[in-house]
Amino acid sequence: MTAGVRAALLAGGEGRRMGRLGTGRLKPLVPFGGACRLIDFSLANARASGLDRVLLLSQYAERQLMDDLRRTWWRPGFRVHFGPYDAAYRDGPPAELEPFAGPPERGTADALIRKAPYLFEPDVTEVLVQHADHVYRFDYGPMIAAHRAGGAALTVSYQRIERRYVHLFGMVEFDADDRLVSFVEKPVEPTSDLVFAAFCVFDAKVLHRYLELLDGTGWQHDISRDVIPAMLAAGEEIRGHEVPGYWADIGTVERYHRAHLALVDDPPSMPVDAMPWVVAPTVGRRLVPAAPGIGRSVVPDDLVNDGELDDCVVFPGARVGAGAVVRRSILLPGAVVPPGACLDSAIVLEDGTVQPVDTLSTQDVVR
């Protein structure tokens, strides 16, 4: 079913809006859910859908990302393809890499153009475009099958959300036959409660043609702002495919925190077992409804807890000191909460630094 499909993963985010969470690491590698990193959801979805490789589209600190993905996602039957650097990584991370002399990258469309020789190979019939900062589990197979059956030039994913949040996303509207009739990026006054879920399937030849048509014109170098509107204006067959279940775009510290609280809702937004276990995969973790010192939280089996946790998500290696009270918070791998500390709506980083959720400032290491 997925033969001929080339998955392309946009993973160039710097994480500037993620506060201290994004300092010293790429946004795709921000830990999530006590089990993985943001990028692992799209990769796990691709693998579970029967795809055997995903082409990495990244320019910012690309070496850091490739070294990590070579370690975590290079396995029999599935791996991430590194484009011009792929051969250099065949036997492990290389000592040095020559700079890739491709065209400059200013947006998501440029990322496709930059890796075009590896994206539009002769046997590629469809291109699945993914993003590396979305939390969801999804089988792309039915979407690809519907795309082919309908003879669409493009099939966009969408989800229904609360109208008050639509202005943060790309708003979409469809006719009675599920054909796209309107696409507005971050509308000031939304007229629909449907948003683009940011992954889509293109006919490869059509996408290549539009990238060539738009390249060099007065455009914004963006898939959502340029490519899709141009295809819509030209009357291309664009269909929608609804995304059931949980989907979240993790763009800010507040959204990151809200997505974690959803994991400890009753019912949870996503079962612990549904998350990719990439961080300390041999350590078990579970959603605990209630236990001594723990009120409804996701915790690892190696947790050392001498305090109280409530509505928290905790990564392996974390420790909570005697008398400490931690509520509605996230403890990253190896985080230590000192004895007697009181935290509410916070993120405790690996070095003990506290990232408050309501601001982008950071506090000193908790004492």
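Reader: Hello! Which residue in E19 stands opposite Asn305?

Author: Welcome! Val320 in E19 stands opposite Asn305. Before we go on, this is a predicted model, in which local features need pLDDT of at least 70, side-chain atom pairs count only at pLDDT 80 or more, and totals for chains, interfaces and linings use all residues. Residues are numbered from 1 along each chain as its sequence is written, and side-chain values use heavy atoms, with hydrogens and water left out.

Reader: What makes E16 and E19 a pair?

Author: Strands (E, at least two residues) and helices (H or I, at least four) are DSSP runs, numbered from the N terminus. Two strands pair if DSSP finds at least two bridges between them. E16 and strand E19 (residues 319-320) have 2 bridges, in the parallel sense, so they meet that definition.

Reader: What makes E16 (304-305) and E22 (336-337) edge strands?

Author: The open sheet has 3 strands, in the order E16-E19-E22, with parallel pairing. Strands E16 and E22 each pair on one side only, which puts them at the edges.

Reader: How do you know that strand E15 (residues 294-300) is largely enclosed?

Author: Buried means under 20% relative accessible area, exposed means over 50%, and partly exposed lies in between (1.4 Å probe, protein chains only). In E15, 7 of the 7 residues are buried, so the rest of the structure largely encloses this strand.

Reader: Which strands does E15 pair with?

Author: Strand E14 (residues 285-291) pairs with E15 in the antiparallel sense over 6 bridges, with Arg286 opposite Val299. E14 and E15 form a hairpin with 2 residues between them, and Gly293 in the turn has a positive phi of about 80°. Strand E17 (residues 308-310) pairs with E15 in the parallel sense over 2 bridges, and here Gly295 stands opposite Asp310.

Reader: Why does Arg25 count as buried?

Author: Arg25 has 16% relative accessibility, so it counts as buried. Its place is in the loop between strand E1 (5-10) and strand E2 (31-32).

Reader: What is called the largest nonpolar core here?

Author: A nonpolar core is a set of buried Ala, Val, Leu, Ile, Met, Phe, Trp, Tyr and Cys residues joined through side-chain atoms within 4.5 Å. The largest has 69 residues, and Phe32 and Tyr256 have the most contacts inside it. Helix H1 (residues 39-48) gives this core its largest share, 5 residues. Contact means heavy atoms within 4.5 Å; beyond neighbours within four places in sequence, Tyr256 is in contact with residues including Met18, Phe32 and Ile347.

Reader: How confident is the predictor?

Author: pLDDT is the predictor's confidence in each residue, from 0 to 100. The chain averages 91, and 95% of the residues score at least 70. Over residues 359-367, though, the pLDDT is below 50.
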